Structures are given as structure tokens and as C-alpha cells.
Amino acid sequence: MEDKELKDKLLLSKLKAEDKLKDRILHQINAEQALIPKKRKSKRASKENYFSIFGIMYAVILSLGVYFYSQTEKNPLESNTFVFSVIFVAGSFSIYWFLMVYMNYKKVKQ
């Protein structure tokens, strides 16, 4: 019987907070959480974007090859126009890829 009496006395002696106090405490907790700076999610570019850039580049080069092959009906590599256009396309896409990598690096660095 002593255990039950002891439990009853302990339950009766506990102080219970008023609703206003609970509301003030919850408001304080929410205010403190709002002031804590949020961690930024790193915005890393996926490698799929890079693969798509180079995939489009190779598709353009392939289409250039098909076009020059059908126009010259010989080896397109013998045509200076084909070689210069392939170099131009590859250079353009490479510069675009480099700019994408650089901008993503700057975003992650911040």
C-alpha cells in the first residue's frame, strides 16, 4: 500500500503549467528557431547536365558529318569547311561547359 500512496502523493504534488505559460514557451521556441540561420543546401550540378551538353555536341558533329558526306560524296575529313566547323562546334560547346562548371563552382562556394 505504501507504493500506491507514494505514487498518489507524487502525482498530486506535481505542478501543472497554465495554458498561457505553455503558449509563451512555444512562442519563444518558435522565435528562437526562426532566428537560427538555415543551412544552405549545396547546389551541385549533376553530371547528367554535363553529359547532355556533350551529347548534343556529338549529335551536332554527327549531323555535320552526314551533311558533308552527302554533299561531297567522299571523305568529309578532306574538306576544310567540315574540319573548321567541327572545331568551331566543339570549341563553342566546350566554352559553354566551362562556364557552367565555373558558375556551379561559384554557387557552391557561396
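Is Phe-82 buried or exposed? Phe-82 counts as buried, because its relative accessibility is 7%; buried means under 20% relative accessible area, exposed over 50%, and partly exposed in between, with a 1.4 Å probe and protein chains only.

The model is predicted: local features need pLDDT of at least 70, side-chain atom pairs count only at pLDDT 80 or more, and totals for chains, interfaces and linings use all residues. Residues are numbered from 1 along each chain as its sequence is written, and side-chain values use heavy atoms, with hydrogens and water left out.

**Overall fold**

The chain contains four helices and zero strands, in the order α-α-α-α along the sequence. Helices (H or I, at least four residues) and strands (E, at least two) are DSSP runs, numbered from the N terminus. Of the 110 residues in the chain, 14% are buried. Contact means heavy atoms within 4.5 Å; among contacts between residues at least 6 apart in sequence, 61% join residues at least 24 apart.

**Phe-82 and Pro-76**

Phe-82 lies in helix H4, whereas Pro-76 is found in the loop between helix H3 (47-72) and H4. Pro-76 also counts as buried, because its relative accessibility is 12%. When neighbours within four places in sequence are left aside, Phe-82 is in contact with Ile-61, Leu-64, Gly-65, Phe-68, Pro-76 and Leu-77. The table gives C-alpha separations for two pairs.

| Pair | Apart in sequence | C-alpha to C-alpha |
|---|---|---|
| Pro-76 and Gly-65 | 11 residues | 6.5 Å |
| Phe-82 and Tyr-67 | 15 residues | 9.4 Å |

**The surface**

The accessible surface of the chain comes to about 10400 Å², and 62% of this belongs to carbon and sulfur atoms. Accessible areas come from the Shrake-Rupley method with a 1.4 Å probe; for residues, only the protein chains shown count as cover.

Patches are made of residues with over 30% relative accessible area and no salt bridge; like charges are joined within 9 Å, and nonpolar side chains (Val, Leu, Ile, Met, Phe, Trp, Tyr) within 5 Å. A salt bridge is a side-chain nitrogen of Lys or Arg within 4 Å of a carboxyl oxygen of Asp or Glu.

Ile-95, Trp-97, Phe-98, Leu-99, Tyr-102, Met-103 and Tyr-105 make a nonpolar surface patch of about 740 Å². Leu-99 is placed in helix H4 (residues 80-109) and counts as partly exposed, because its relative accessibility is 44%.

A patch of negative charge is formed on the surface by Glu-2, Asp-3, Glu-5 and Asp-8. Here Asp and Glu count as negative and Lys and Arg as positive, while His and the chain ends are not counted; the place of a charge is taken as NZ of Lys, CZ of Arg, CG of Asp or CD of Glu. Glu-5 is placed in helix H1 (residues 2-13).
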